[in-house]
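Come along and look with me.

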Amino acid sequence: MKRFVLSLFLVTTLLFLAACGSDEGSGGSTASGDGNGGDDIQELTIKFSHVVAENTPKHQGALAMKEYIESESDGKIEVEIYPNSSLFGDQDEYQNLAANNVQFIAPDLTKFVGNNPQFNVPALPFMFDNDEEAIAFWDGEKGQEILGSLQDDGVLGLSMWPNGGKHITNNARPIDSPDDFEGLKFRTQGGQVLESIYSAMGAGSESIPFGELYTALDQGVVEGQENTFSNIESKKFDEVQEHMTIMNHTRVDYAIFTNTEFWEGMNEATKEIVQAGVDEGTKVAREEAMSLNEQALETIRERGLVDIIELTDEQIQVFRDALEPIYDEYEDEIGADVYEAAREAAGQ
Ligand code: LMR
């Protein structure tokens with residue numbers, strides 16, 4: 001009898017714990033208040049997870065968002081930011097957003113080409129010269145359509161935050177022409193277009209999560225990678241790379257993704273503050289991206305761990321010509337209308 005009571009107690013405890021766990025799983029954000037449609041700000045804890053370091057445009061945007069929301073809600077809404085893949089990494093942040101275990105993520109758009117090939121836009125070689133052109137595309141009709149294309153997964157794209165142009169680092173040799181890529185292997189963020197860029201220059205590529213990149217470079221899993229100055233500097237990739245070529249051939253731009261159920265579950269007063277917080281984060285990330293990247297380049301120069309190759313206009317033109325066929329290769333998949341909108345945003 002004693003054993004039966006003990007077993008019953010154990011089973012009940014386990015069932016209770018499982019119920020708590022699944023509660024957490026389906027609603028990482030806990031809301032209380034007057035429900036959807038009311039005027040009182042709901043008490044909420046919002047999680048924002050990302051993979052980069054603190055001194056980056058993405059984290060500065062997230063901080064601005066947090067400060068705005070917490071102060072405008074008088075502390076009723078709390079925003080917890082998890083940088084450096086400390087909560088979720090590239091491999092699992094999207095699934096956890098869809099499950100509402102996290103309410104905001106800000107991934108590199110090219111990591112979503114498996115869901116929609118149009119997310120390849122930041123990988124189109126030499127399409128955008130600067131942040132303004134990329135922002136003009138993502139704020140435009142086509143860009144907004146692409147950001148909104150994950151609704152079947154219960155994911156809403158709210159805004160684009162820029163990081164900047166990407167540059168090549170490697171530890172095999174100085175690179176100043178497409179031929180220098182021959183036989184090397186590069187890490188990419190993922191996606192068909194980035195893969196084609198490397199194969200067009202005789203190199204291989206592999207997609208590796210950002211959180212594992214330093215070790216992959218250090219251990220020689222790949223010889224090189226492409227990234228913004230702020231990512232290279234803040235993750236100290238120059239410690240494990242010898243050469244850096246300033247290319248600006250592709251970009252890192254982010255989507256601010258949220259969970260639709262979470263978003264629609266907020267009442268109007270709460271949503272207004274959170275939306276304004278996202279807008280504030282967008283403003284700060286857009287304002288600070290360029291200067292943070294310039295500062296990062298200065299820091300990389302000062303550290304002096306990589307030799308820095310600056311290409312002439314003629315050398316850049318050789319890369320442009322080598323990568324031009326990519327446009328024909330992907331026109332059907334990405335869409336002539338998307339190319340046209342991107343070229344218009346780029347003033348071409
Ligand atoms: C990378 O994976 O290299 C970057 O996209 C990381 C980031 O979020 O900036």
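My entries below go from the cavity to the ligand and its contacts.

Before starting, I noted that this is a predicted model, where local features need pLDDT of at least 70 and side-chain atom pairs count only at pLDDT 80 or more, while totals for chains, interfaces and linings use all residues. Residues are numbered from 1 along each chain as its sequence is written, and side-chain values use heavy atoms, with hydrogens and water left out.

Entry on the cavity. I found one cavity of 30 Å³ or more in the structure; a cavity is a set of points, on a 1 Å grid over the protein atoms alone, where a 1.4 Å probe fits but cannot get out. The largest cavity has a volume of about 60 Å³, counted as the space filled by probe spheres set on the points.

What takes up the space of the largest cavity? I see that the ligand does.

Entry on the surroundings. Around the ligand I listed Val51, Val52, Lys58, Asp108, Lys111, Arg187, Gln189, Phe210, Asn227, Asn231, Val252 and Tyr254, each with a heavy atom within 4 Å of it. I sorted this shell into five nonpolar, three polar and four charged residues.

Entry on the contacts. I looked for polar contacts, pairs of N or O atoms within 3.5 Å. A side-chain N or O atom of Lys58 is 2.7 Å from an oxygen atom of the ligand. For Gln189, I noted 2.9 Å between a side-chain N or O atom and a ligand oxygen. The side chain of Asn231 also has an N or O atom 2.9 Å from an oxygen of the ligand. Taken alone, the ligand exposes 270 Å², and the protein buries 100% of that, by the Shrake-Rupley method with a 1.4 Å probe.

Terms used: Polar contact = N/O pair within 3.5 Å; in protein donor to acceptor, adjacent residues only side chain to side chain. 1 Å grid on protein atoms, 1.4 Å probe; cavity = no way out; pocket = protein on both sides within 12 Å on 5 of 7 lines; lining within 4 Å. Sits in = over half its atoms within 2 Å of the grid points. Nonpolar A, V, L, I, M, F, W, Y, C, P; charged D, E, K, R; others polar.
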